[in-house]
Amino acid sequence: MQQLKSVDVAIAGGGFVGLTLAKEITARTSLSVVVLERGRPRKTSDYSTGMDELDYALRFRMMQNPAEETATHRHSSRASAVPIRQYGSFNPGTGVGGAGEHWGAISYRFYPEHFKLATFLREKHGSRLPEGIAVQDWGFGYDEIEPYYWRVEQMLGVGGKAGNLQGKRIDGGNVFEGPRSREYPNPPHKMPYAPLVFERAARELGYHPYPIPTATLSRAYANPDGVSRPGCAYCGFCSRYGCMIGAKAQPTNILMPLLQKRKNFTLRTGCNVRRIVHQDGRAIGLSYFDASGQEILQPADIVIVASWTLNNSRLLLLSKLGEPYDPATGKGTVGKNLTHQVNQATRIFFDKPLNAFMGAGGLGMGISDFDGKEGVDAFPGVLRGGNIRLMSTGEGQVASFGAIPPGEAKSDWGSEWKKAALNWHDHAASISTEAEHLAYRQNYIDLDPVYTDKFGDPLARLTLDWTDHERAQGAMLTQIHAQIAKAMNAKSGGANSRLLERYTVTQYQSTHINGGAIMGASPDASVVNPWLQHWQAQNLWVVGGSAFPQNGSGNPTLTILALTFRAADALIDRYVKRPGALA
Amino acid sequence: MKRREFIALPAKTLGGVLLYTLAREPMRVQAQTGQVRIPLRFFTAAEARVIEAACERIFPSDESGPGAKEAGVVVFIDRQLAGPYGKDKYRYTKPPFVDSVPEHGYQGKATPREIYREGIQKLGNFAELSPDQRDQRLRSIENTQFFRLLRQHTVEGMFSDPMHGGNAGLIGWQLIGYPGPLMSYRDEIDKFHGLPFRRKPVSLAQASGRPVTGWEEEKD
């Protein structure tokens with residue numbers, strides 16, 4: 001193995017997290033930073049010829065290629081796992097910017113009590129909590145992450161309307177959210193037709209609709225780093241695509257322009273990190289295969305693992321760092337508390353055309369009257385809720401063709417079907433939901449004993465299934481979907497509740513897989529401390545959605561980046577000055 | 001090297017004579033009789049005729065408008081199968097191949113190319129059958145992976161950008177009133193509330209003013 005000259009900081013992963021850390025470290029210190037990214041370089045101008053549904057939304061051109069690396073899945077530890085051979089219930093990214101290039105840019109904060117969920121649920125339900133629940137506190141409170149949320153919202157340029165400004169409830173925003181220190185940096189977007197019909201109906205029913213906060217700009221904006229971007233053009237090529245004008249916040253438009261000017265920053269693409277090399281409880285560096293297949297060791301004083309959720313845990317497991325989690329004994333920490341999100345959608349049909357090809361990732365209206373702790377007490381068996389929303393995200397013409405009300409055609413091909421599909425085309429939308437996914441003892445990540453990646457290393461194995469709690473959450477939320485659909489005078493096509501019978505890898509749900517290298521207040525129950533520093537190897541930081549002890553209902557990127565900024569502050573302001581365990 | 005195979009398609013599939021009003025009404029102007037020969041990359045001419053006939057039953061040309069045949073869907077499928085997708089370059093294909101529950105999706109070893117070759121065999125003398133007989137035969141294979149792919153690819157070939165070989169003359173997009181990948185709806189997003197925004201469609205190459213190629217053209 002070729003050994004390179006040592007650097008101060010080596011980061012595995014050139015996505016949102018790795019590049020945000022690199023931005024902070026190189027701006028505020030003179031430390032040398034090397035980022036190792038397995039994929040290719042990318043830039044905004046690459047995207048103008050990428051407005052193609054087939055290659056990008058249906059063939060996943062920007063995602064990690066499953067032929068090279070995927071994960072395996074099984075429903076319980078009694079079953080044997082099979083590979084997720086093609087996407088997929090989630091879409092991991094690759095290349096500079098990672099999934100931060102093709103995200104939908106929806107930017108919710110998590111609810112205050114979510115950060116102390118174990119304490120909250122224990123106090124509320126005591127011993128009546130269902131078997132197997134493994135939720136944990138994050139190790140800090142909402143008041144500590146609020147300033148970081150605000151920093152991320154400014155960096156991304158999030159647009160929305162505050163519903164709780166320093167404790168004051170404001171109609172028109174999400175009145176159930178935690179207190180914000182400031183109004184959003186940008187106003188909400190202009191709204192297309194369907195979300196407005198949803199808003200009116202929700203208000204008539206006594207709910208509290210609000211514009212979904214999003215990091216596609218609602219107007220031209222310069223962030224505190226001095227990066228200027230134009231307002232969104234609603235072209236509809238958003239989630240699963242890179243934004244060709246840079247209105248959507250992406251690492252290539254808000255981070256790379258800064259980093260490219262910094263002398264203490266190096267980005268190496270085509271470099272696939274395989275191991276965290278460590279000795280005597282200390283990380284020595286990262287070993288990787290470069291684009292030519294050569295194995296290289298990059299030594300560093302500080303090592304940061306900032307790849308996508310599953311790869312963070314997998315790297316720790318492959319590197320034999322920490323004790324793998326064992327669901328039979330409850331011992332070990334690496335891989336525990338794997339969570340996804342509870343996704344449900346109800347197809348509804350309008351008698352008017354929607355122009356649904358226009359839109360943006362997070363463009364729409366939502367309610368949170370049955371989200372977090374709100375509204376759930378009337379529904380036996382439901383501990384935590386989820387959002388309900390109607391968005392115009394930019395429908396693909398292939399994906400949306402064939403949405404017809406039930407009973408209109410006997411088959412899904414042939415003349416009768418074609419006629420109905422043409423008749424209803426551009427008349428369908430979805431009321432959808434993402435609900436909190438609690439952590440359970442039986443849901444976890446380990447290494448697959450059979451299947452390997454292109455280098456011959458074991459794939460991550462997901463053991464994951466739904467429980468009655470998620471089914472009860474789904475039933476509650478889809479009941480509200482139906483109520484709103486009725487108030488909208490829209491024909492309902494019913495909900496996809498079958499999705500919650502068993503975890504399904506073939507149907508896209510969200511890329512919000514989290515957990516596995518979780519944070520917490522104790523080394524017995526978590527992999528990293530509340531600043532995302534590894535409990536044992538103190539010069540190692542594991543940053544990303546992997547740190548979530550359980551999953552919130554909102555899209556997780558804003559929270560991931562808030563944790564990233566919090567980790568950056570701890571590392572720069574405290575660790576670099578006095579290396580050692582933070583407390 | 002194998003002999004080049006072609007499929008002959010009516011010239012109108014290459015655009016020009018079949019017109020649509022912006023309210024999606026098909027307007028048949030003087031049917032054209034000329035034929036265009038398109039070189040095939042994967043199928044033999046006989047195979048292409050079977051696939052073309054099957055796609056035509058899935059998305060027929062009928063009183064509700066033109067279908068898979070006019071859109072050149074068979075050309076789209078031929079290119080997809082000839083490229084990396086057809087060879088499973090984007091699917092995890094390491095063994096062991098184990099049957100699993102439906103929630104794990106297709107776990108087989110066969111690539112899309114192999115699935116099509118086997119499917120075409122099963123369709124047999126399909127191109128010689130009457131429309132009713134063709135429907136019957138397709139219904140008998142509805143639950144196969146081949147039919148699932150064929151149906152999916154037919155819709156893809158109807159409504160994907162013409163750079164991929166289907167949606168010839170933007171017939172698919174005219175049929176559904178889709179304007180193509182326009183760069184901005186800044187002035188329209190909050191104005192066409194419940195009103196159709198329908199414009200004569202443009203392809204990505206036309207909208208971007210730049211040459212575009214599909215992923216299937218990438219060398220592997």
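Start by selecting Phe60(A), which is buried, with a relative accessible area of 14%. The model is a predicted one. Phe60(A) sits in the loop that runs from helix H2 (53-58) to strand E4 (71-74) of chain A. Its phi is positive, about 60°, although Phe60(A) is not a glycine. Most residues other than glycine have a negative phi, and most peptide bonds are trans.

**Asp426(A) and helix H10(A)**

Next, select Asp426(A), another non-glycine residue with a positive phi, near 65°. Asp426(A) lies in the loop between H10 and E19 of chain A, just after H10(A). Is Asp426(A) buried or exposed? Its relative accessibility is 11%, so Asp426(A) counts as buried.

Now step back to H10 itself, residues 415-424 of chain A. Colour its buried residues: Trp417(A), Lys418(A), Ala420(A), Ala421(A), Leu422(A) and Trp424(A). What do the buried residues of H10(A) pack against? In chain A, they meet strands E16 (342-349), E19 (428-435) and E22 (491-495). From chain B, helices H1 (45-58), H6 (145-159) and H7 (171-176) also pack against them.

**Val398(A)**

Move to helix H9 (residues 397-400) of chain A and select Val398(A). With a relative accessibility of 9%, Val398(A) counts as buried. Show its contacts beyond four places in sequence: Glu53(A) and Leu58(A) in chain A, and Val155(B), Glu156(B), Phe159(B) and Ser160(B) in chain B. Draw a distance between the C-alpha atoms of Val398(A) and Glu53(A); the separation is 7.7 Å, for residues 345 apart along the chain.

**The nonpolar cores**

Which residues have the most contacts inside the largest nonpolar core? They are Ile484(A), Met488(A), Phe43(B), Ile51(B) and Ile77(B), in a core of 134 residues. Centre on Met488(A): beyond four places in sequence, it touches Ala194(A), Val197(A), Phe198(A), Ala201(A), Ile348(A), Phe350(A), Leu390(A) and Ile431(A). A second, separate core holds 85 residues, including Val17(A), Phe110(A), Ile145(A) and Val527(A). In soluble globular proteins, nonpolar side chains tend to be buried together.

**Two cis peptide bonds**

Select Tyr87(A) and Gly88(A), which are joined by a cis peptide bond with omega about -20°. Gly88(A) belongs to the loop between strand E5 (82-83) and helix H3 (117-125) of chain A. In chain B, select Pro95(B) and Pro96(B); the peptide bond joining them is also cis, with omega about 0°. Pro96(B) is in the loop between helix H3 (73-82) and helix H4 (112-123) of chain B.

**Whole chains**

The C-alpha trace spans about 65 × 55 × 55 Å along the principal axes of chain A. Of its 583 residues, 68% count as buried. Colouring by charge picks out 61 positive and 53 negative side chains in chain A, with the centres of the two sets 2 Å apart.

Finish with chain B, which has 8 helices and 4 strands. Followed along the sequence, the pattern is β-β-β-β-α-α-α-α-α-α-α-α. Of the 220 residues of chain B, 54% count as buried. The chain exposes about 10,400 Å², of which carbon and sulfur atoms supply 51%.

Key
Residues numbered from 1 in each chain as written. Chains lettered and ligands numbered in written order. Predicted model: local features only at pLDDT ≥ 70, side-chain atom pairs only at ≥ 80, totals over all residues. Heavy atoms only, no water. Core = buried A, V, L, I, M, F, W, Y, C linked by side-chain atoms within 4.5 Å. Buried < 20%, exposed > 50% of the residue type's maximum accessible area, 1.4 Å probe, protein only. Contact = heavy atoms within 4.5 Å. Helix = DSSP H or I, 4+ residues; strand = E, 2+ residues; numbered from the N terminus. Lys, Arg positive; Asp, Glu negative; His and termini not counted. Charge placed at Lys NZ, Arg CZ, Asp CG, Glu CD. Areas by Shrake-Rupley, 256 points an atom, 1.4 Å probe, with all protein chains shown as cover.
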